[in-house]
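This report describes one structure in plain terms. Please look at the sequence and the model before reading on.

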Amino acid sequence: MVDPLKILSFAQQIQRALPPGLRAIKTVVTQGGRRWLQGQFAQFDLVDRQQFEQQQQQLQQLREQLVHLEQQIAHLEQQSETVFPKNPLT
């Protein structure tokens, strides 16, 4: 979930970027903008930093396992070629 303080900070940055004429509707923009941002962020499948790091670690472990399995397959293929040589006629 996105930190509400970050949403507020982002809404304030947008508010400061508004021209002076639009700053008069500051409350409407801030409240409406905050609700809109929360709604938009709620649609995303976001994870916090800890979950991200855990997923990243799991992905690294899976990559290492994949490399190991690929090495095992290559070794088994070499063994099978010595036991069952390829037919030179094909």
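## Helix 4

In this predicted model, helix 4 is built from 35 residues, and its first and last C-alpha lie 51 Å apart, close to the 51 Å expected at 1.5 Å a residue. The expected span is 1.5 Å times one less than the number of residues. Helices (H or I, at least four residues) and strands (E, at least two) are DSSP runs, numbered from the N terminus.

## Confidence and basis

The mean pLDDT (the predictor's confidence in each residue, from 0 to 100) is 81 for the protein, and 82% of the residues reach at least 70. Confidence is highest in helix 4 (residues 49–83), at 94, and lowest in helix 2 (residues 20–23), at a mean of 68. Where pLDDT is low, the predicted coordinates should not be read in detail.

Local features need pLDDT of at least 70 and side-chain atom pairs 80 or more, while totals for chains, interfaces and linings use all residues. Residues are numbered from 1 along each chain, and side-chain values use heavy atoms, without hydrogens and water.

## Overall make-up

The protein contains 4 helices and 0 strands. Of its 90 residues, 7% are buried (under 20% relative accessible area; exposed is over 50%, partly exposed in between, with a 1.4 Å probe and protein chains only).

## Helix 1

Ile7, Ala11 and Gln15 are the buried residues of helix 1. They line one face of the helix, because seen down its axis they fall within an arc of 80 degrees, taken from the directions from the helix axis to the C-beta atoms. The face turned away from this buried side carries the exposed residues Leu5, Lys6, Arg16 and Ala17.
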